[in-house]
Amino acid sequence: MTTDPNTAHPSGTPDAAAPLRYHITRTVFFALPIIVSRMALLVMFTVDTIMTGWSGGNELAYLGLGVALQLTLMMIGIGALQATAVLIAQAVGAGRPQDAGKVLRAGLAHGLLFGVAIIVWALLGERFYTALGQAPELARGAAEVSFAFACGMPGILAFAALSLFLEATGRPKASMMVMLVANVVNVGFNGIVVLGWGGLMDPAGAEGAVAVSSGLRTLAALALGGYVVLIAMRGDVHDILAPPRRWFSEMLRLGGQTGRSICRLGLPIGIAQGVESAAFATLVFFAGLLGPDPLAAYQIATALMSLVFMMAIGMAGATSIRVGRAIGRRNAGNVVRAGWSGMGVGALFTVPASILFCTAPDAVAGLFTERVEVLTYAVDAVWFIGWILAADAVMAISMGALRGAADVWIPTGLQVAAFWLAGVPTAWVLALHTGMGPIGLLAGTGIGILVSIILMLRRWIQVTGAFGRALPAAA
């Protein structure tokens, strides 16, 4: 008897609960390429941030303000598309791999439509930032950066849909390799475009950095799409090589019933993932009210935090898939252990970054800028985030575990309460009314994360308890 490498017991007995040690090993093995792929999306942005900081002036402030909302929209889109991984994982676990093609087509249609809508919205960027009270120069520079990022959004979301399909069908390494190549190319092109290496063109600053990354993410989506076609040609068990007419028809109808299933499951996932990102974006706007130097420092801290958070997003995706497959097999013991092992491993993965940020914040902040005015704020901000990385990871992975169990609306409500009733108001008071500056913004973030963890873990215990009563008991 063959075994599912992600959920089944090594003996191959479908109703037996694998030992926790086995779950930890499989979680690490399955999650690593997903983590690298997710982090690579943000590594591009981190490189953009570093090189933009080297370009001087207010470019770093333009970048921080310009991408704040775009990153939120990207996280909402990627979060909503997580529903495709859940649906595919449950179908594969239940022995219906042919359903994966329909899910992929529906996911691509929704991702591309959302990406185009973001481009249209970005055309109003300068008016938007001005209406939020930003200075005219900041609003203009941020709007240019925002539009450059938006132009790559269809590619980013198409890449996400294709990656989730490959991950849910057991091929997580492909998207990792594509993004690693894209990141290497990004460094060279950023040097030419942002800093003017070789004298080939005048330095283009923040807008140029984001334009390069947007183009490379689009090329990455095309490359991954080609890979999906190639593997389908060797054995189309997932119904990828459907006639072009069916592809066009299903995408035009946004996937029909399958698309509605993605919306029903993906909408709350996207909202939940967007809630935290929107809170971060709101805090960036607060930082803009503090001035260009505090804004640049806060941008450095959030770029680092977002990079580590993408590790958590990758682990959350792996945990979601493994929980979903366990549910497809109706194995309550593996549902519980897949979730807890993902949370524990994810927290441990943040330890190296936490140690680095807490012990050498000046060196880390110095990678982004040499401006003393910015470093005055940035060193303390980098030190502070070192203390909250593990909590941020556990929060994200617990959400992933609940997604795999198809529990989405209640966690979304809990996430909204944690960040918008606790985190954002606390940040507002501490940063703008007590003089704590960027540290106050990050302290408010920490409060939101802490409240969210308490609520999410309590919900996970409730959900797994219900599964324990409804599904076969673990041996």
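**Helix packing and buried positions in the predicted model**

Leaving aside neighbours within four places in sequence, proline 154 is in contact with Leu112, Gly115, Val116 and Ile119. In this predicted model, proline 154 is placed in helix α6, and with a relative accessibility of 14% it counts as buried, since buried means under 20%. The C-alpha atoms of proline 154 and isoleucine 118 are 8.7 Å apart in space, although the two residues are 36 apart in sequence.

Helix α3, which comprises residues 99–122, and helix α6, which comprises residues 153–168, have axes that come within 8 Å and cross at roughly 160 degrees. Because angles over 145 degrees count as roughly antiparallel, α3 and α6 are therefore roughly antiparallel to each other. The crossing of α3 and α6 is right-handed. On the side of α3, the contact is made by Ala100, Leu104, Gly107, Leu108, Gly111, Leu112, Phe114, Gly115, Val116, Ile118 and Ile119, and on the side of α6 by Met153, Pro154, Leu157, Ala158, Ala161, Leu162 and Phe165. By class, the residues of this contact of α3 with α6 divide into 15 nonpolar and 3 polar, with no charged residue.

At the level of the whole protein chain, the model contains 18 helices and 0 strands. The C-alpha trace spans about 65 × 45 × 35 Å along its principal axes. The radius of gyration of the protein chain is 22 Å, which agrees with the value near 23 Å that a compact globule of 475 residues would have. Buried residues account for 59% of the 475 residues in the protein chain. Of the contacts between residues at least 6 apart in sequence, 82% join residues that are at least 24 apart.

Helix α11, residues 292–328, takes part in two further packing arrangements considered here, with α15 and with α12. With helix α15, residues 372–385, α11 packs at an angle of about 30 degrees, the axes being 8 Å apart. An angle under 35 degrees counts as roughly parallel, and α11 and α15 are therefore roughly parallel to each other. The crossing of α11 and α15 is right-handed. Asp293, Pro294, Ala296, Ala297, Ile300, Ala301, Leu304 and Met305 of α11 make the contact together with Glu373, Val374, Tyr377, Ala378, Ala381, Val382 and Ile385 of α15. The contact of α11 with α15 has 13 nonpolar and 2 charged residues, and no polar residue.

With helix α12, residues 332–349, α11 packs at an angle of about 170 degrees, and the axes are 8 Å apart; α11 and α12 are therefore roughly antiparallel to each other. The residues of α11 that make this contact are Met311, Met315, Thr319, Arg322, Val323, Ala326 and Ile327, while those of α12 are Asn334, Val335, Ala338, Gly339, Ser341, Gly342, Val345, Gly346 and Phe349. The residues of the contact of α11 with α12 divide into 9 nonpolar, 6 polar and 1 charged.

Individual positions in other helices were also examined. Phenylalanine 280 lies in helix α10, residues 256–290, and counts as buried at 17% relative accessibility. Not counting residues up to four places away in sequence, phenylalanine 280 touches Tyr298, Thr302, Met305 and Thr445; Met305 is also among the α11 residues that contact α15.

Valine 212 is found in helix α8 and, at 14% relative accessibility, counts as buried. Apart from its neighbours within four places in sequence, valine 212 is in contact with Asn186, Phe189, Asn190 and Val193. The C-alpha atoms of valine 212 and glycine 152 are separated by 9.3 Å, the residues being 60 apart along the chain.

Aspartate 239 is placed in the loop between α8, residues 205–233, and α9, residues 244–252. The phi of aspartate 239 is positive, at about 60 degrees, although the residue is not a glycine. With a relative accessibility of 18%, aspartate 239 counts as buried.

Note on methods. Residues numbered from 1 in each chain as written. Predicted model: local features only at pLDDT ≥ 70, side-chain atom pairs only at ≥ 80, totals over all residues. Heavy atoms only, no water. Axes fitted to C-alpha atoms, helices over the stretch in contact; angles between N-to-C directions. Helix = DSSP H or I, 4+ residues; strand = E, 2+ residues; numbered from the N terminus. Parallel < 35°, antiparallel > 145°, perpendicular 65-115°, else oblique. Left-handed = near helix turned anticlockwise from the far one by under 90°. Contact = heavy atoms within 4.5 Å. Nonpolar A, V, L, I, M, F, W, Y, C, P; charged D, E, K, R; others polar. Rg over C-alpha atoms; globule rule 2.2 N^0.38 Å. Buried < 20%, exposed > 50% of the residue type's maximum accessible area, 1.4 Å probe, protein only.
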